[in-house]
Amino acid sequence: MTDSTHLHTQEEPPSSQNTKSIFNLPNNLTIARILMIPLFVAIAYWPPAMGIGMPAISDNVIARVGMSEFSDSLLRHLLLTGVFIIAAITDWLDGYFARKLNVMSAFGRFLDPVADKLMVAVALIVLVQWHPNIIMAIAAIVIISREIAVSALREWMAELGKSTSVAVSYVGKLKTTFQMVAITVLLLNWQSLETIGYVLMVAAMILTLWSMMIYLKAAWPYLKQSG
């Protein structure tokens with residue numbers, strides 16, 4: 001789940017552009033990212049996912065048995081990885097075009113973080129099914145729980161007019177980078193890259209907890225107030 005800082009996610013004074021259609025280029029890219037989620041799930045589970053979650057390419061298997069035995073699984077994993085990468089690219093592009101075109105909207109401020117969190121959550125749930133082990137389970141729980149907690153914290157701080165006190169941190173951005181790369185590697189599901197994927201996921205989980213502590217520390221002076 002990303003901790004991105006897009007222009008259309010920041011408070012801006014009203015302008016003539018803001019009163020125009022909410023379906024501007026940045027928002028359309030965000031909507032496209034959400035529409036990729038059912039496509040992602042459909043590729044993963046329909047038609048019946050033959051070989052899904054099994055290593056698509058084991059060491060030297062191509063040389064021993066050829067590609068045909070693994071073609072269904074490999075193609076499915078490549079498609080899933082491609083959809084996830086495209087979604088990550090749209091996350092960067094909507095911010096870029098929001099700055100470039102100076103297009104802002106309340107709709108974009110709401111939808112952009114929602115789209116990011118939904119795609120990552122869906123990918124993590126799929127990965128937990130493929131790899132039903134303690135590492136993936138804890139990573140998914142930590143990352144999804146952190147996003148729920150931080151979202152609630154930001155909403156509460158915004159009500160107090162202190163939203164800048166819990167602004168995106170460098171650690172949050174670093175967490176996002178490790179998280180997206182880890183998910184991409186694990187979706188690809190190549191046996192030779194599996195260890196790297198797990199190492200990146202553990203790193204993302206540690207950074208997730210670290211960034212959450214930074215947000216909580218920033219909000220603590222307000223949280224401990226009575227009344």
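Which handedness does the crossing of α4 and α6 have? I will come to that after a few words on the model.

This is a predicted model, in which local features need pLDDT of at least 70 and side-chain atom pairs count only at pLDDT 80 or more, while totals for chains, interfaces and linings use all residues. Residues are numbered from 1 along each chain as its sequence is written, and side-chain values use heavy atoms, with hydrogens and water left out.

First, the chain as a whole. Its secondary structure comes to seven helices and zero strands. Helices here are DSSP runs of H or I with at least four residues, strands are runs of E with at least two, and the numbering starts from the N terminus. In sequence order the pattern reads α-α-α-α-α-α-α. Of the 227 residues in the chain, 42% are buried. Buried means under 20% relative accessible area, exposed means over 50%, and partly exposed is in between, with a 1.4 Å probe and protein chains only. The chain exposes about 11900 Å², and carbon and sulfur atoms supply 71% of that area. Accessible areas come from the Shrake-Rupley method with a 1.4 Å probe, and for residues only the protein chains shown count as cover. Take the contacts between residues at least 6 apart in sequence: 83% of them join residues at least 24 apart. Contact means heavy atoms within 4.5 Å.

Now the opening question. The crossing of α4 and α6 is left-handed. By that I mean that the near helix is turned anticlockwise from the far one by less than a right angle; clockwise would be right-handed. Helix α4 covers residues 106-130 and helix α6 covers residues 170-188; their axes come within 11 Å and cross at roughly 40°. That angle makes α4 oblique to α6. For the classes, angles under 35 degrees count as roughly parallel, over 145 as roughly antiparallel, 65 to 115 as roughly perpendicular, and the rest as oblique. The axes are lines fitted to C-alpha atoms, for helices over the stretch in contact, and angles run from 0 to 180 degrees between N-to-C directions.

On the α4 side, the contact is made by Val120, Ala123, Leu124, Leu127 and Trp130, and on the α6 side by Gln179, Met180, Ile183, Leu186 and Leu187. By class, this contact has nine nonpolar residues, one polar and no charged ones. Nonpolar covers Ala, Val, Leu, Ile, Met, Phe, Trp, Tyr, Cys and Pro; charged covers Asp, Glu, Lys and Arg; the others, Gly among them, are polar.

Next, α6 against helix α7, residues 194-223. These two pack at an angle of about 155°, with their axes 8 Å apart. That makes α6 roughly antiparallel to α7. The crossing of α6 and α7 is left-handed. Among the residues that meet are Phe178, Gln179 and Ala182 in α6, and Gly197, Leu200 and Met201 in α7. The contact of α6 with α7 divides into 16 nonpolar, five polar and two charged residues.

Ala182 is worth a look on screen. Ala182 lies in helix α6 and is buried, with a relative accessible area of 0%. Not counting residues up to four places away in sequence, Ala182 touches Gly197, Leu200 and Met201. Its C-alpha atom is 8.0 Å from that of Val199, 17 residues apart along the chain.

The loop between α6 and α7 holds Asn189. Asn189 is buried at 5% relative accessible area, and its phi is near 65°, a positive value in a residue other than glycine. For background, most residues other than glycine have a negative phi. Asn102 also has a positive phi, of about 55°, although it is not a glycine. Asn102 sits in the loop between α3 (71-101) and α4, and is partly exposed, with a relative accessible area of 41%.

Last, helix α1, residues 25-45, whose axis comes within 9 Å of that of α4, with a crossing of roughly 15°. That makes α1 roughly parallel to α4. The crossing of α1 and α4 is left-handed. The contact of α1 with α4 divides into 16 nonpolar, four polar and three charged residues.
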